[in-house]
Protein chains: 2
Amino acid sequence: MRKKTIEDYVELIYILQNKDEKVHTNNIASALDINPASVTEIFQKLSEEGYIDYEKYNGVTLTQKGKKIAISTKKKHDTLKNFLTILGIDEKIANVDACKIEHVVNSETMERLTKFVEFVQQFKDGPRWIDHFKYFYETGEYVECNPLNEKKCPVHGSKQQ
Amino acid sequence: MRKKTIEDYVELIYILQNKDEKVHTNNIASALDINPASVTEIFQKLSEEGYIDYEKYNGVTLTQKGKKIAISTKKKHDTLKNFLTILGIDEKIANVDACKIEHVVNSETMERLTKFVEFVQQFKDGPRWIDHFKYFYETGEYVECNPLNEKKCPVHGSKQQ
DNA sequence: ATTATAATTTAGGTAAACCTAAAAATTTAT
DNA sequence: ATAAATTTTTAGGTTTACCTAAATTATAAT
């Protein structure tokens, strides 16, 4: 896996903390597939920088500062994942990609994407153009669709009868 | 800046090569804001791995293998940038984000995004829902729009008269 | 054709994110 | 309550992507 960022660690601690209260070296090590000794070093660094409270042999908890980063990172992750899922990307892949993109994406871009997801989610079964996009993705054909005469639309026509 | 990948170097060499034929240490060093001595090392590595032909003191050119990576990376970049621009993101930011995302994104995701951009670009001034999205982004309001009665739509109504 | 200047390379160094192996502390089982 | 097993930490690598300073090569100016 790619080199991990502070955001990776803090986000993961946040997720584990919501299950178990205290987060231990081994949890992180196995989740990120690195050596427990490395996690100790990371704990020391994150603690120095004020993201976690760390007591030797006794696990860690996020500070306010850490929690703030964790929440914002997780929010980014969820939005990205939702966005990718809207496009029709497989959930597993959406998750993996979200995990990477969340660390590099600009905040203005995130804002737009967030609004985009909101925009799309306002429609109960998604907006009709999404169906057309998926049809286009699968067949390469774009078809016009007049909402007053859906029968003629190969995408929406069949839904109606 | 973040640590650079092989893709970064190869893509940049490709872009510079299309201007100047031979690409030199200093070009890359100033473009990526690193030390020319580091570029020499990078040239040696890229050369060993078969991405470039490198002759001491005489610049580099991409091999077939290198060109292939460069082209595919640049294509990813362009698609991502187009996509972000469609959402209304400022060109500068779109460029920076594309530059980062291009190195981490899954190929299936890229395929979907490519199709999505194609899908949108089929409409001469973009599909009407894009206008609605932008309106939503700015005002927070989603308005229904019946294409047979556009006058009633605050987004499309004014365009018509 | 020298010499001065600029570009490139070499040699050796630093910092960070990992690692392994062994020591220390904690927990579990009897 | 002690021994055994497990977890965590420490100490001391390794690798990689950079760096600086000095040496080398190439280029430009007289």
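**How chain A meets chain B**

Hi everyone. In this model, 33 residues of chain A touch 33 residues of chain B. Please keep in mind that the model is predicted.

Let's begin with the amount of surface involved. Chain A and chain B bury about 3,600 Å² between them, and carbon and sulfur atoms supply 71% of that area. Which residues of chain A lose the most area to chain B? They are Arg112(A), Phe119(A) and Tyr137(A), which together make up 20% of what that side buries.

Between chain A and chain B the count of salt bridges is zero.

Where does the chain A side come from? Four helices of chain A each give two or more residues to it: H4 (64–86), H5 (91–101), H6 (107–121) and H7 (128–139). H6(A) has the largest share, with nine residues. Sorted by class, the side of chain A that touches chain B holds 19 nonpolar, six polar and eight charged residues.

Finally, how are the two copies arranged? Rotating by 180 degrees, with 0.0 Å of shift along the axis, places chain A on chain B with an RMSD of 0.0 Å. That is the relation of a two-fold axis. Both copies use the same surface, and 100% of the contact residues of chain A recur in chain B. If you want to find the axis on your screen, look for Ile101(A): among the residues of chain A, its C-alpha comes closest to the rotation axis, at 3.1 Å.

Thanks, everyone!

Terms used
Residues numbered from 1 in each chain as written. Chains lettered and ligands numbered in written order. Predicted model: local features only at pLDDT ≥ 70, side-chain atom pairs only at ≥ 80, totals over all residues. Heavy atoms only, no water. Least-squares fit on C-alpha atoms with pLDDT ≥ 70 in both. Contact = heavy atoms within 4.5 Å. Buried area = accessible area lost by both parts, 1.4 Å probe. Salt bridge = Lys/Arg side-chain N within 4 Å of Asp/Glu carboxyl O. Nonpolar A, V, L, I, M, F, W, Y, C, P; charged D, E, K, R; others polar.
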